[in-house]
Amino acid sequence: MNADEAVFDETSESTLDLEFSIRPTTNQSFENALAAARTGDRLSIADGIELITTGTDSSGIDTARKRKVLEIADRRRAERVGDAVTFVANLNNNVTTACNTGCLFCNFKDSSQQFESNSDADHGGFTKTPAVSRETVAAAVDRGISEVTSVSGLHPAFALNAEHREILTNHDNPARQVNYKPPEKYTVDPGTYVQQLRAMSVDDVHLHSITPEEAHHARRGTNWSYEDIYTELRKAGLDSAPGTAAEILVDEVREVICPGKMSSAEWEAAIEGAVNAGLDVTATIMYGHVENAAHQITHLNRVRELQDRTGGITEFVPLSFIHQNTPLYERGVVSGGASDAEDELMIAVSRLFLDNIDNIQSSWVKFGDEKALKLLNCGANDFMGTILSEEITTRAGGTHGEFRSVADYVEMISAIGRTPVERSTDYTRRHELTPDARIHGPTLGPRADGTPLLGSDDNGLTAPGIVADD
Ligand code: SF4
């Protein structure tokens, strides 16, 4: 088929034409890149660009070429990890939405000033004390979860521990110099990172927390290494670190979407520090905003090199940018997010390019159920987690947040002819579920016994909510 006859899928377009130095041009052909993918050769950056664009010889996504890329990726998934679709029984316990970093893609943070005791702003955000975190986690552990995921805003009152708080306090102007304000200034004291982790560490529940950006916040004003930080946090109960805050690991993109955040090199240093401290990590990409295909593949290449060096990345999570209610969209920098075809190709090329990471996740929070299920046939093998939350368990207020029961998982995964498997965070413990069993509940948590997470009423409970991109 020549370009004139080709059918093209919809692609996304940035509203503003940003002048980037890295551009998606190659000397490679799509056919050669496809041949390399088919034989399982390690793909070059040029191969990756050709595959994810379905060829730089024409604009738009060629549907027939896309189909070939997806088929090869699905086959590679089957060869590498088989037909199981895994998920984890987890709780989201984010500690605070207070943050003053101002990332332009974020709809999660609330300006931290609004959390101060003298503010009468009705911000709708929250901060939890360590005691409240413990209560929330203990109740979820009772229900059977095996993992707590905790990702929070960079609250100015947060410090790593008492010693760090003293160092921050001793600056002449802590707010300006090290983004620190004492807890007494706020309506609710979040405690220290160490106090929060100790509080959430209930029985043997797996604690998945402290992104590279949070670790950066936990060492501000010091020369402590990331390994020091993560070692201290590990002693407080941390088991693994989420590799979010990666966004696109190319600084010219970060300068547009999150100028207040750490650099790409520093993100990598934090991940290496976490692995050196003995923790597992994950890695992510947040795509579909201002970046181009060359940025996306450069990012995948950095993650692949990081995994060659560390071997500590247990899964890769492509996060499609949700544009609504973000400054990037409201200011007209972008006109939307990735198209369906772009999402499919991101999953497929992640599977093909990252030849040293076993697990590629399809996130139902980002894609919705229907598309997320489809992406399990484009190279993905993991279907995220139940994302139980306090709001779900108490049924408080009008918004329940997001939740998928174990029964939902069994039904959805069986419907596409795959095998539902509950997993531990590190994928080493697995429990295959039988679709025709009468009830479905988690079995891998410290107090799990196969009872549904919410008792008899958790089938089909789903509602929209907002989760952090970070
Ligand atoms: S992405 Fe994270 S660091 Fe950035 S504004 Fe949102 S909560 Fe703060």
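## Salt bridges, domains and core

The side chains of Arg219 and Glu266 come together in a salt bridge, 3.4 Å from N to O. For that label, a side-chain nitrogen of Lys or Arg has to sit within 4 Å of a carboxyl oxygen of Asp or Glu. The pair links distant parts of the chain, 47 residues apart: Arg219 is in the loop between helix H8 (212-217) and helix H9 (226-235), while Glu266 belongs to helix H11 (residues 264-276). Helices (H or I, at least four residues) and strands (E, at least two) are DSSP runs, numbered from the N terminus. Arg219 is buried at 17% relative accessible area, whereas Glu266 is partly exposed at 24%. Buried here is under 20% relative accessible area, exposed is over 50%, and partly exposed is in between (1.4 Å probe, protein chains only).

Keep in mind that this is a predicted model, where local features need pLDDT of at least 70, side-chain atom pairs count only at pLDDT 80 or more, and totals for chains, interfaces and linings use all residues. Residues are numbered from 1 along each chain as its sequence is written, and side-chain values use heavy atoms, with hydrogens and water left out.

Searching the whole structure turns up 23 salt bridges. Here are some of them:

| Pair | N to O distance |
|---|---|
| Arg219 and Glu266 | 3.4 Å |
| Glu315 and Arg423 | 3.2 Å |
| Lys371 and Asp340 | 2.9 Å |
| Lys66 and Glu344 | 2.8 Å |

Take the pair Glu315 and Arg423. Glu315 sits in strand S11 (residues 313-320) and Arg423 in strand S14 (residues 419-423), 108 residues apart, and both are buried.

Then there's Lys371 with Asp340. Lys371 is in helix H15 (residues 364-375) and Asp340 in helix H14, so the bridge ties together parts 31 residues apart in sequence. Lys371 counts as buried at 19% relative accessibility, but Asp340 is partly exposed at 46%. Elsewhere, a network of salt bridges links Glu268, Glu272, Arg302 and Arg309.

On to the domains. The protein splits into domain 1 (8-81) and domain 2 (84-457), with bounds from an automatic or database domain assignment. Their C-alpha centres lie 28 Å apart.

Four salt bridges run between the two domains.

Finally, the largest nonpolar core has 120 residues, and Leu51, Tyr230, Leu233 and Phe383 have the most contacts inside it. Such a core is a set of buried Ala, Val, Leu, Ile, Met, Phe, Trp, Tyr and Cys residues joined through side-chain atoms within 4.5 Å. Helix H14 (residues 340-353) supplies the largest share of this core, eight residues, and each domain contributes at least three. Leaving out residues up to four places away in sequence, Phe383 touches several partners, including Phe87, Trp364, Tyr409 and Met412.

Definitions and conventions: Contact means heavy atoms within 4.5 Å.
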